[in-house]
Amino acid sequence: MTGKARWVADFTESFRNRRVGDTVFDMLVTGKTRPSGLLLSRIFAFFFTPNYKVACLVRSVTDGLSLDRLRLAEILRATEKFMKRNEIDWSWVVIAKEGAFPETLKNFVQTYRTREVGVALVDVSSGDMTTSDSFIGRNLERYAKVPKSK
Amino acid sequence: MDTIERISPTNLFICFGSTLMVLTVVSALSGFLALGEFFVSMFVLIINMIISIAAAWPIYRYWFHTKMSMDDEQFNLEVGKREKASGRWNEFDEVSLVHLGRGRMGIRLYYRNKDDFVEIPASDLKLNASDLRFKAIDLTKKGQPPNETQG
């Protein structure tokens with residue numbers, strides 16, 4: 001993995017090529033927003049940090065895979081079902097691609113309203129990121145710094 | 001079957017330290033009951049340390065000592081004398097890498113037909129958890145129907 005990021009949650013479990021519905025995510029990590037640690041930080045976290053179960057699902061789009069508005073909607077529906085089944089409170093769905101995403105897809109993401117799911121379309125060649133308008137979607141821009149591919 | 005068995009100095013030290021702490025508290029309480037004050041003499045402390053050194057090994061063997069045997073078909077895992085797990089690789093369909101706390105890493109194997117998993121503490125066996133994860137993915141894949149993806 002390359003690039004920089006900010007602390008978001010304690011991700012403790014990681015899957016590779018994990019199938020969620022019809023989609024195989026290249027990476028799926030799960031964790032909690034409450035950090036563990038030694039005695040004092042544990043006590044502090046217990047009182048001041050909410051204990052949400054979170055997941056981050058990452059899918060890269062290659063040339064052979066077509067991704068349109070309907071396909072993305074299916075992916076997000078499958079993610080919501082996955083969250084319900086696994087009692088996950090927040091999820092970030094990151095779709096990465098070398099090259100720009102179509103405007104229709106960007107518009108779809110910008111108007112996606114589910115509060116518990118943050119969606120980001122990442123163009124790794126230019127570093128551009130389009131996020132959904134929910135709180136956690138907007139925060140993705142602050143959390144993740146996208147490395148530009150060389 | 002290959003057997004992997006490693007002694008964990010950290011866990012051994014935890015067993016020694018815990019035993020010494022318990023013995024010291026018991027000695028101090030005994031001193032309080034007998035003499036009316038909390039007092040542990042150097043002689044008692046040395047005796048406690050000798051007992052702790054002798055007791056640490058069996059306690060470690062019972063609670064922590066991890067042993068794993070595996071081949072391409074199956075594995076057996078023993079965590080001390082209290083936890084035993086065994087299975088065939090093709091009984092599992094998902095493999096994940098997990099952080100077990102205190103810097104320990106392991107892998108989790110999810111059963112194909114039931115909502116349960118087996119955890120292999122790779123760090124306790126001095127194995128590279130990432131390598132073990134990819135090996136487990138390959139081994140579990142062998143027993144799966146084609147086109148089924150896991151990770």
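Here is a walk through the two chains, from the core of chain A out to the interface and the domains of chain B.

This is a predicted model, so a few ground rules apply: local features need pLDDT of at least 70, side-chain atom pairs count only at pLDDT 80 or more, and totals for chains, interfaces and linings use all residues. Residues are numbered from 1 along each chain as its sequence is written, while chains are lettered from A and ligands numbered from 1 in the order in which they are written.

Let's start inside. The largest nonpolar core has 31 residues, and A:L57, A:V93 and A:V94 have the most contacts within it. A nonpolar core here is a set of buried Ala, Val, Leu, Ile, Met, Phe, Trp, Tyr and Cys residues joined through C-beta atoms within 7 Å. Buried means 20 or more other C-beta atoms within 10 Å of a residue's own, exposed means 12 or fewer, and partly exposed is in between, with C-beta atoms placed from the backbone. Among the elements of chain A that give two or more residues to this core are strand 4 (53-61), helix 2 (69-85) and strand 5 (90-97). Helices (H or I, at least four residues) and strands (E, at least two) are DSSP runs numbered from the N terminus. A second, separate core of 18 residues includes B:M70, B:L97, B:L109 and B:I120.

Back in chain A, A:L57 touches A:V20, A:F25, A:L28, A:T79, A:S91 and A:V93, leaving aside residues up to four places away in sequence. Contact means C-beta atoms, placed from the backbone, within 7 Å.

Strand 5 of chain A runs parallel to strand 6 of chain A, and seven bridges join them; strands pair if DSSP finds at least two bridges between them. In this pairing A:W92 stands opposite A:G118. Strand 6 of chain A is mostly covered, with six of its seven residues buried.

Now for helix 4 of chain A, where A:I136, A:G137 and A:L140 are buried. Seen down the helix axis, the buried residues fall within an arc of 105°, so they line one face of helix 4. That arc is taken over the directions from the helix axis to the C-beta atoms. On the other side of helix 4, A:F135 and A:R142 are exposed. The cover over its buried residues includes strand 5, strand 6, strand 7 (128-131) and strand 8 (144-145) of chain A.

Most residues other than glycine have a negative phi. A:N17, in strand 2 of chain A, has a positive phi near 50°; A:N17 counts as partly exposed because it has 15 C-beta neighbours inside 10 Å. A:E87, in the loop between helix 2 and strand 5 of chain A, has a positive phi of about 55°. With 7 C-beta neighbours inside 10 Å, A:E87 counts as exposed.

Strand 2 of chain A also reaches the other chain: three bridges join it to strand 5 of chain B, and the two run antiparallel. There A:S14 stands opposite B:L97. Overall, 10 residues of chain B are in contact with 10 residues of chain A. Strand 5 (residues 92-101) gives the most to chain B's side, with six residues.

Finally, the domain assignment of chain B gives domain 1 (7-63) and domain 2 (66-142), with bounds from an automatic or database domain assignment. Their C-alpha centres lie 34 Å apart, and four residues of domain 1 of chain B are in contact with four residues of domain 2 of chain B.
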